[in-house]
Amino acid sequence: MNRQALRRFLRYAGIGVGTLAFDLCLLYAAVRLAGVSLYIATPVSFLIAISVNYAVSRRIVFTRTKRGWKHGYVYFALVALVGAVVTTLLVASLVSLLNLNFLIARILVAGIVGFGNYLFNLYINFKVVGQHGIATSREY
């Protein structure tokens with residue numbers, strides 16, 4: 001992995017951490033404050049957060065993509081739906097089988113799902129592997 005590819009991954013990871021924090025806040029509020037079922041709150045909060053992740057990642061990480069906004073979001077959303085199912089199943093399993101706190105379980109699952117999403121977006125959705133048009137703060 002060269003330096004520019006590492007920078008791209010670190011930017012994506014940073015955005016992922018930020019949107020994970022947002023996801024966790026939504027999840028906590030839904031489960032603890034609003035009394036929504038964990039099985040409903042987990043995918044809903046995940047899908048909201050992943051939509052924010054798409055907008056920010058497209059603007060900052062995958063700047064050289066030739067894929068249009070809408071078309072890219074469809075791919076992103078399809079992967080997010082699969083990710084929501086996997087996330088929900090893994091979180092529910094960790095909570096029920098290992099008696100983990102739902103937020104700790106969600107954090108553990110985030111790394112696995114997030115890395116898979118990054119690889120999909122890098123190679124298939126945005127098709128920018130090998131291109132390093134990473135935006136800098138001076139460009140905004």
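Tutor: Begin with burial: a residue is buried under 20% relative accessible area, exposed over 50% and partly exposed in between (1.4 Å probe, protein chains only). This is a predicted model, in which local features need pLDDT of at least 70, side-chain atom pairs count only at pLDDT 80 or more, and totals for chains, interfaces and linings use all residues. Residues are numbered from 1 along each chain as its sequence is written, and side-chain values use heavy atoms, with hydrogens and water left out.

Student: Is Tyr54 buried or exposed?

Tutor: Tyr54 has a relative accessible area of 1%, so this residue is buried. Tyr73, at 33%, counts as partly exposed.

Student: How many aromatic pairs does the structure hold?

Tutor: Rings of Phe, Tyr and Trp (its six-membered ring) pair if their centres lie within 6.5 Å; planes under 30 degrees apart are stacked, over 60 edge-to-face, the rest tilted. The structure holds 10 such pairs. One of them is Phe9 with Phe115, edge-to-face at 6.0 Å centre to centre and 80 degrees between the planes.

Student: Which helices hold Phe9 and Phe115?

Tutor: Helices are DSSP runs (H or I, at least four residues), numbered from the N terminus. Phe9 lies in helix H1 and Phe115 in helix H4 (residues 102-125), so the pair ties together parts 106 residues apart in sequence. Phe9 is partly exposed at 23% relative accessibility, and Phe115 is partly exposed at 45%.

Student: What about the rings of Tyr54 and Tyr73?

Tutor: Their centres are 5.1 Å apart and their planes at 70 degrees, so that pair is edge-to-face.

Terms used
Helix = DSSP H or I, 4+ residues; strand = E, 2+ residues; numbered from the N terminus.
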